[in-house]
Amino acid sequence: MALENYEQDMMRCNRCSYCKHVPHDAMKDARFLGICPSIEQYNFHSRSASGRMITALSLLRERIDLDAATRDIIYQCQMCGGCDVSCKIERDLEPYEVMQELRFRCVEKGIVPPEYLKCVESLKRNANTLGKSQAERADWADGLGAKYLGPEKAEVLFHAGCQYSFDPQLRSTVRNGLKILMDAGIDVGIMGKAEICCGGQSYEMGFKDEMAGCARRNAKIWKNAGVKTVVTPCAGCFQSFKVLYDKIGEETGVEILHITEFVLRLIQEGKIKPTREIPLSVTYHDPCHLGRLAEPWIHWQGEVKKVYGQMVVHDPPKKKRFGVHGVYDAPREILKAIPGLKFTEMHRIREYAWCCGSGSGVKEAYPDFAESTASKRIEEAQSVGADVLVSSCPRCKRNFEDCAVKTGNEMKIYDIVDLVQLAI
Amino acid sequence: MAGTGELAMIIGEDNVLADKEILQEYSKDFSFARPISPSRIVKPDNTKDVQGIVRWANETGTPLIPVSSGTPHFYGDTVPGIGGACVVDLSTMKRIIRIDRRNRSVMIEPGVTFGELIPALEKEGLAPLMTFLPRASKSVVTSFLERTPITIPRHHWEAQDPLQCVEVIYGNGELMRTGSAAGPGTLEEQWKVGRAQIRGMGPSQVDFTRLLQGAQGTMGIVTWATIRCRPLPKVKKSYLVVSNDIKPLIELVYKITYKKLGEELLIMNKTQLASVVGKESSSIETLNGRPEWILYFSIEGDGLFPEDKVAYQEKESIKLARELGLELETELPGLRAEDLSAVLSRPSRAPYWKLEPKGGNQDIFFLTTLDRSLRFVDMMYELAEKYGYASKNIGIYIQPTIQGCNCHLEFSLAYNPKDKPGADAVRHLVTEGGAVLAGMGGFFSRPYGTWSRFAYDRKGMHVIGQRKLKGIFDPKGIMNPGKLCF
Amino acid sequence: MTISNKAYKALEDIVGPEYITMEPADLDSYCFVWGNELLYGDKFSPRPPAVIMPENTQEVQAIVKTCNRFGLKYRAHASGFEVAALSAEKPFIPIDLRRMNHIVEIDAKNRIAVIEPYVSQVKLFLETRKLGLRPNMMSSGPSSSVMAGTAAHFGSGASNISTDYGSRNLLGVEWVLPDGDIIRLGSLGCSGEWINADGPGPSLRGVLRGYGGANGGNGVFTKIATKVYPWYGPAEPKLTGKGPLYQNEVPENFEMYALFFPSVDTINDFNQLLYEASIAYHFQRFPVGIIPAMATESNDEFYALIQSIPQEMLDAIGPHGATVALDASSKEEMAYKQKVFNKILEMTQAQQVPMDESQKGALFNHVLNGGGVLKAAFRPTGSFMITAIGDEAMDPMGVLGTKAWDTIVSDLHDSGAVFNASPHTSWAITYGEGSGHVESLVQYDPASPESVQKTVAALEKADHMVAEMGLGINSLENALSYCESALKAAMPHNTLDFVTYMKMIKRTFDPNNSSEPAFYVSPDEWE
């Protein structure tokens with residue numbers, strides 16, 4: 001749908017500011033009520049979902065130009081989806097889709113942060129957004145004895161993702177992820193150098209055609225590889241495969257799982273036994289792309305009509321996506337299964353979790369913003385007495401670690417896969 | 001005298017008094033305000049009279065001193081601050097205009113006293129919200145215009161209570177009705193549609209009622225007011241709680257108000273209690289030591305299942321008291337709680353209970369919070385010693401207000417007016433002592449007499465603001481000049 | 001209004017470049033709020049020349065003084081959730097108080113909380129409940145600013161029966177006057193303590209606001225003290241449900257009811273009896289359809305639910321509904337309250353609407369923090385507005401809702417220009433001091449020109465209706481006034497004097513007319 005199609009939503013925004021906060025009924029601690037990193041950082045109302053709905057209307061009405069200042073308003077946002085959850089609790093609006101359409105419009109007009117152009121350029125040339133060489137894509141798996149699909153076959157494809165493929169500091173985590181599956185006797189392989197980007201980050205940046213290209217290619221790769229299941233340790237890739245590809249109509253024909261879902265299965269089937277005590281005080285950060293953004297896409301076709309005079313309804317009825325059906329329980333069950341761990345929830349969790357700060361190209365284009373967002377999350381982790389902040393997404397881990405180092409914070413950052421590996 | 005004829009035309013000759021003896025009665029009171037004789041006394045009968053008087057005063061530049069209560073007076077606010085003033089005595093405006101049981105409100109003229117109001121309300125199934133043993137001649141309207149606290153903190157939601165709307169003739173001679181009484185329509189038209197002049201805020205975005213409260217008649221003359229009442233209790237039980245140490249009593253007040261129990265709730269020291277009931281303090285045997293403290297508390301049931309209400313609240317209150325090592329008593333040696341209740345439910349014995357011990361009295365009172373009151377009590381004893389006032393004569397009354405968020409702390413200083421050293425001691429306590437207490441944080445929200453010298457903020461912002469208001473409502477400055485900051 | 005470079009620089013020097021903007025895209029988010037289309041014929045009211053965001057009182061004062069110096073108009077807001085916060089016929093500089101969001105102190109003993117402007121009622125409740133306390137809860141929702149409800153705007157809500165009207169809880173103010181001086185009202189200025197805002201002498205709190213607040217037209221409030229009330233529930237929220245219909249565990253010592261009555265007289269009687277019994281924690285009069293609205297995820301679900309209810313049942317329930325919550329600090333207290341309550345139900349022919357757990361949970365959330373109001377008021381059509389408003393004795397307020405329906409709203413319903421599933425959509429509450437407040441609501445679609453147009457016509461009719469029937473002075477009371485001449489025409493002569501005095505006060509306290517008065521009173525003489 002084009003931006004114009006959401007004009008009525010824009011006009012029906014009432015500027016209640018709920019998009020800035022955790023759903024009120026779920027609020028627990030007065031220090032941690034915000035859900036929108038953008039407004040917390042930049043403060044002006046334009047930096048909220050409501051503000052961007054208003055910006056969209058202003059653009060449609062030609063009250064403002066799509067210039068650098070407007071671009072920053074649009075892009076100083078991780079597209080974490082928190083605003084969408086909070087808004088939809090009370091309203092039938094689609095602020096996230098409006099913000100996404102704004103980005104598509106920016107790309108159409110060529111008004112994007114220059115850093116994003118580099119990402120997309122890299123994607124086109126090297127099938128990754130990090131400016132790395134395709135040739136180095138599989139270096140992370142050296143020495144693991146992994147099956148390389150194409151020449152070999154397997155039921156399960158382990159898709160590492162760009163971040164895990166190229167970030168040397170995250171290498172141990174991705175290797176642990178594959179090892180866990182291999183050691184559990186799973187028939188799993190990797191695409192190696194043939195693996196390409198999921199395209200998800202590019203989509204969020206507004207480059208929908210590029211993402212569509214990735215989707216087509218991945219679907220073909222998987223078909224050719226004959227895999228039945230794609231498992232990934234990257235929350236971003238998971239969300240792209242599971243949700244975005246479905247959204248744009250790309251049918252892959254495979255089961256998509258995040259590694260936490262897969263690992264939980266293995267634990268439940270007894271194929272993995274976490275028996276070693278890990279005496280750590282931990283809390284869990286729900287990655288946006290594993291959580292609220294990973295809720296399955298709901299396709300709907302029908303008519304918007306009015307009943308009882310002016311009440312806006314859908315025919316047929318349309319289910320709303322609240323972010324509730326993301327992957328929340330699997331990571332938690334895993335943590336509960338690891339002996340010795342003391343697990344405490346943070347105040348903002350599940351579909352109303354605070355973002356790590358790095359999403360949607362913010363880490364690339366607005367690094368201070370990414371860092372400050374992460375620091376607030378680390379502060380929240382400390383507030384519940386945790387020594388370790390556990391996540392299940394490479395970008396979350398990277399951003400938290402960078403922030404901790406830069407700010408001298410002693411909070412340890414683990415990926416859940418690392419804890420599992422330690423426990424088995 | 002110039003002007004008398006004009007006044008006589010407005011309100012009738014019989015209502016303009018210039019007899020020297022009468023003037024002398026109005027020239028002074030029990031305060032230490034310098035006696036200044038008014039030039040005449042006028043006694044209006046109705047709003048039109050009052051408006052005529054105020055307009056005349058504007059034309060002639062005559063200061064007006066509104067007085068609604070009969071004697072004795074104590075605060076100096078009714079003593080002319082300058083010569084040539086005309087006292088507007090509203091004490092004969094005694095109409096109880098309307099009692100509204102459904103909305104628990106009464107509309108009365110300024111001369112109505114508690115003694116007159118109580119039986120009238122009773123007939124309609126209502127009871128007033130009483131102040132602490134007011135004198136028989138005390139105007140109900142003035143009590144609440146001056147923000148005198150009521151003895152039932154649960155009904156005291158905020159400082160304006162229980163005053164609702166008023167009709168006022170401002171110092172500029174214009175008539176105004178405040179709050180929801182402003183309109184639209186006349187009072188009769190409002191009554192016809194069921195409106196009852198019970199919302200004192202406003203109208204609109206200025207709180208005109210509030211601008212008159214605490215003003216000591218410096219903004220205008222109120223000609224009627226609506227006052228919130230309470231349903232007449234069907235069942236009532238009263239209690240006394242004694243303690244040598246006031247701290248647990250204060251804690252008990254916090255707990256009672258937190259659980260929203262009961263109705264009347266106040267603390268006195270033994271000296272004050274004795275004066276209230278008109279006995280010598282030695283006839284009331286309580287605990288040894290000084291000072292002894294008494295908390296008075298009542299529970300009323302008025303509507304549905306009143307006995308049930310009293311029963312469960314009594315049980316809860318006893319439990320709260322016992323947690324603090326206290327007991328709710330219905331009787332002490334020498335005093336029954338219900339007798340005290342009867343005393344506090346009516347106006348004072350004439351002329352006034354505070355004059356009975358020694359013939360004269362001055363009060364020092366201000367707002368604070370219950371937990372802060374102790375330090376003021378301690379300081380008061382120090383000041384008494386400094387100025388040579390016998391501490392055993394200090395009557396202390398602590399009234400929780402605003403549902404327990406604040407309290408009105410009052411020291412009553414009985415003295416013999418003929419005893420100069422004694423009177424001087426009291427004068428020093430009231431003036432210099434008051435300043436010390438203000439310096440410690442006592443909020444003199446009702447700054448009578450010399451208190452206005454220290455009650456205002458040092459930056460003068462309240463003064464500036466109030467003078468701006470004065471400029472609007474009384475541009476010629478005829479209303480009670482010399483009071484407050486005017 | 002334009003802003004010169006010099007003026008902009010002067011303002012920028014106060015807050016730093018990060019906290020002031022002239023970017024059109026930023027500015028447009030400060031002239032857009034629900035209701036604009038009714039007042040200005042457009043979603044956008046005139047664009048401000050700049051927006052500024054101070055951090056503390058000193059910065060606010062400096063901003064106000066600078067605006068006075070340069071002849072600029074300003075108006076402060078907290079959440080900015082209403083036209084009274086953000087909109088005007090002519091541009092002004094919005095002062096966004098978002099950064100002033102601290103709870104300064106909570107005196108639990110004396111039940112007084114001191115807060116900055118951006119503190120929301122849900123935030124304050126989260127902190128006070130740990131101490132066994134709660135603030136007044138406006139029914140404008142949990143994100144509403146406590147200060148707006150207490151000092152600056154309006155404070156009505158369903159908790160008022162136990163927490164009184166918002167402004168009557170004001171115990172202190174730090175106030176930057178329109179010309180930039182600072183007054184600390186009452187005890188704060190005199191003894192330095194946050195105890196009481198009235199005095200010494202005549203209370204300037206009466207200038208600060210009346211029944212309605214000044215809506216930014218009278219300077220800026222930078223801190224207030226508000227009374228807080230006993231809370232007998234748990235110290236921390238206990239979330240039991242999952243999103244989107246989050247549920248908070250209903251404590252044992254709370255009971256909730258949804259009721260309907262056969263007539264306006266019986267609900268009026270109920271109102272009086274409930275008030276006099278002093279047993280309620282929460283009370284509002286509203287068609288009980290509010291509860292399904294709050295307990296559904298979407299309009300689609302709400303529509304399906306309404307469709308599933310037989311018409312006979314809807315007719316039987318009728319328009320006279322109420323929700324009530326009781327709380328108690330002990331079992332004995334609850335036993336007494338329930339006995340009284342049941343008797344009142346019997347005396348007033350009240351019927352209870354059965355609620356399933358999800359609906360009870362939704363109602364409890366609403367009781368706790370005003371939540372769900374957007375679902376009920378905004379979600380159906382996109383927006384709502386109040387036509388007739390009344391504030392006085394409870395009985396005529398009960399009648400006002402019916403009269404508004406009969407004379408204005410029913411036609412609007414019949415025209416299909418507003419949401420018309422539920423007749424008599426008026427909402428009423430009762431204050432602790434015994435008076436009542438009623439709003440007759442219409443839900444219109446801001447994206448539909450016809451819906452907007454017909455709603456505007458209804459607003460104008462309502463101004464006249466309320467004054468002509470002698471039931472009040474409608475929107476001028478509650479500061480939704482935007483056109484003085486229209487209101488003058490709506491009011492009979494003998495209610496005009498207060499406006500003259502208000503103008504004199506405005507001129508006296510704001511000689512430069514710097515504090516933008518679109519929802520206060522202009523200093524200009526009546527035409």
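At what angle do helix H11 (residues 208-225) and helix H12 (residues 235-247) of chain A pack? The angle is about 115 degrees, and the axes are 11 Å apart. The model is predicted, so local features need pLDDT of at least 70 and side-chain atom pairs count only at pLDDT 80 or more, while totals for chains, interfaces and linings use all residues. Residues are numbered from 1 along each chain as its sequence is written, chains are lettered from A and ligands numbered from 1 in the order in which they are written, and side-chain values use heavy atoms, with hydrogens and water left out.

Helices (H or I, at least four residues) and strands (E, at least two) are DSSP runs, numbered from the N terminus. Axes are lines fitted to C-alpha atoms, for helices over the stretch in contact, and angles run from 0 to 180 degrees between N-to-C directions. Angles under 35 degrees count as roughly parallel, over 145 as roughly antiparallel, 65 to 115 as roughly perpendicular and the rest as oblique. H11(A) and H12(A) are therefore roughly perpendicular to each other. H11(A) passes H12(A) in a left-handed crossing. A crossing is left-handed if the near helix is turned anticlockwise from the far one by less than a right angle, and right-handed if clockwise. From H11(A), the residues A:Met211, A:Cys214, A:Ala215, A:Asn218 and A:Trp222 meet A:Phe241, A:Leu244 and A:Tyr245 of H12(A). Contact means heavy atoms within 4.5 Å. By class, this contact of H11(A) with H12(A) has seven nonpolar residues, one polar and no charged. Here Ala, Val, Leu, Ile, Met, Phe, Trp, Tyr, Cys and Pro count as nonpolar, Asp, Glu, Lys and Arg as charged, and the others, Gly among them, as polar.

A further helix pair of chain A was examined. The axes of helix H14 (residues 329-337) and helix H18 (residues 416-423) of chain A come within 10 Å and cross at roughly 30 degrees. That makes H14(A) roughly parallel to H18(A). The crossing of H14(A) past H18(A) is left-handed. A:Pro331, A:Ile334 and A:Leu335 in H14(A) meet A:Ile416, A:Leu419 and A:Val420 in H18(A). The residues of this contact are six nonpolar, no polar and no charged.

Between chains, two pairs touch, and the pair with the most contacts is B and C. Chains A and B do not touch, and their nearest C-alpha atoms are 24 Å apart. A:His24 is found in the loop between helix H1 (7-12) and helix H2 (37-42) of chain A. A:His24 is buried, with a relative accessible area of 8%. Buried means under 20% relative accessible area, exposed over 50%, partly exposed in between (1.4 Å probe, protein chains only). Beyond its neighbours within four places in sequence, A:His24 is in contact with A:Tyr18, C:Val122, C:Pro142, C:Ser143 and C:Asn369.

The C-alpha atoms of C:Met138 and C:Asn369 are separated by 8.1 Å, although the residues are 231 apart along the chain. C:Met138 sits in the loop between strand E7 (133-134) and helix H7 (146-152) of chain C. Its relative accessible area is 5%, so C:Met138 is buried. Not counting residues up to four places away in sequence, C:Met138 touches several residues, including C:Gln121, C:Phe154 and C:Gly370.

The structure holds 58 aromatic pairs over all chains. Rings of Phe, Tyr and Trp (its six-membered ring) pair if their centres lie within 6.5 Å; planes under 30 degrees apart count as stacked, over 60 as edge-to-face and the rest as tilted. The rings of C:Phe254 and C:Tyr281 have centres 5.2 Å apart and planes at 75 degrees, so this pair is edge-to-face. C:Phe254 lies in strand E12 (residues 254-260) and C:Tyr281 in strand E13 (residues 280-285) of chain C, so the pair ties together parts 27 residues apart in sequence. C:Phe254 is buried at 3% relative accessibility, and C:Tyr281 is buried at 2%. The rings of C:Phe270 and C:Phe283 have centres 6.0 Å apart and planes at 50 degrees, so this pair is tilted. C:Phe270 lies in helix H11 (residues 264-277) of chain C and C:Phe283 in strand E13 of chain C, 13 residues apart. C:Phe270 is buried at 0%, and C:Phe283 is buried at 0%.

In helix H4 (residues 114-123) of chain B, B:Phe114, B:Leu117, B:Ile118, B:Ala120 and B:Leu121 are buried. The buried residues of H4(B) pack against strands E5 (96-100), E6 (105-108) and E7 (126-127) and helix H5 (140-145) of chain B. Just after H4(B), B:Gly125 takes a positive phi of about 80 degrees.
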